[in-house]
Amino acid sequence: MIRHAILGLALVTAAGAIAASPQHAQVNDAAILDPGLPRQLADFGFFADAPAQVPAARVTPYRLNTPLWSDGAEKLRFVYIPDGKQAHADGENLLDLPVGAALIKTFAFEKDGKRQLVETRVLLHRADGWLALPYLWNNAQTEARLAVAGARVPVTTPAGEQIDYRVPNKNQCKECHGLNGQVTPIGPKARNLSTAWLTRFHDAGLLDKVPQVSDPVPLWEDRAVVSAEAAARGYLEANCAHCHRPGATASNSGLDLRWEQTDPLSIGIYKHPVAAGRGAGDLLYDIVPGRPDQSILVHRMASTEPGVAMPELGRQTVDEAGLEAVERWIATMPKMDERAPAP
């Protein structure tokens, strides 16, 4: 499968060859920093070979332990740190990337046995904050052009479903990246990156120190061997917590699905929904221990109906593996009548 081949390439490159990225192309720092919206992805110079996704100098591939799922799209992630600057570690949290840095993520599906690049999203750290822009690849796979209004692209998912894949418009980027009114990266948190990658990023001079991570998000590939709670909470952290957290776009739900949240009610256990409407499906609680079939969280993950399906953006199909992980976690929770009496 192309998905596995690409993932393997990303793993090998991210884990072992940060300092060995091809050096025969340079990023255009002015395109990142100057006001304006570059019309072509090539204007940034992020890639020595963009169709092949070969990064330029100081553009480093990385992967997340547990990634956000988007209709099964393969994702190629890169971070650019400008010359003379470093990222700064903030404990287990999001890496603090300097002004002039960029995050680049390409979405791809398989078509006719080959990788089909669909879109590349960039997050640019300018002096006035982060700017998110989507770039749509052409059919010839030779260039990607700015798609401010978004787009729809017919693709076949790895599960064999034919969909009109949605490239978000520029404003929709804020729905997932909005935190306290500002566009903010959501992926590269130290707890969701491998220690090996963080060490090599530091050794390459691109990170000020290797952060100590006591409770990392598990590898998604290990979900069958780690605890049901770790697999599910890691999935919810990557797929839901960027909206369901204080200060984010779904904070009014009262649901806080961040990895570090430990309060059962905030996670959703026996929590009544807030203004969920028909999305609740006549169910009473976000999570009912021992009863995934009675849990709104599962109900919404299992739906593709607009107004019910969660997440609202980024998917048109059901992530069966993610759904199974969350169902398994809820099923392992002791039911109320099985709990030990309070002392």
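Helix α5 (residues 228–239) has twelve residues and spans 16 Å from its first C-alpha to its last, close to the 16 Å expected at 1.5 Å a residue; the expected span is 1.5 Å times one less than the number of residues. Helices (H or I, at least four residues) and strands (E, at least two) are DSSP runs, numbered from the N terminus. The model is predicted: local features need pLDDT of at least 70, side-chain atom pairs count only at pLDDT 80 or more, and totals for chains, interfaces and linings use all residues. Residues are numbered from 1 along each chain as its sequence is written, and side-chain values use heavy atoms, with hydrogens and water left out.

Eleven of the twelve residues of α5 are buried, so this helix is largely enclosed by the rest of the structure. Buried means under 20% relative accessible area, exposed over 50%, and partly exposed in between (1.4 Å probe, protein chains only). Among the buried residues of α5 are R233, Y235, L236 and E237. Their cover includes α6 (264–267), α7 (296–301) and α8 (320–332).

Six strands form an open sheet in the order β3-β4-β5-β6-β7-β8, with antiparallel pairing. Strands β3 (59–62) and β8 (144–146) stand at the edges with a single partner strand each, so one side of each is left without a neighbour in the sheet. From one strand to the next, the twist averages 30°. Two strands pair if DSSP finds at least two bridges between them. Strands β4 (residues 74–80) and β5 (residues 102–111) pair in the antiparallel sense over seven bridges, and A102 in β5 is the bridge partner of Y80.

How values were computed:
Axes fitted to C-alpha atoms, helices over the stretch in contact; angles between N-to-C directions. Contact = heavy atoms within 4.5 Å.
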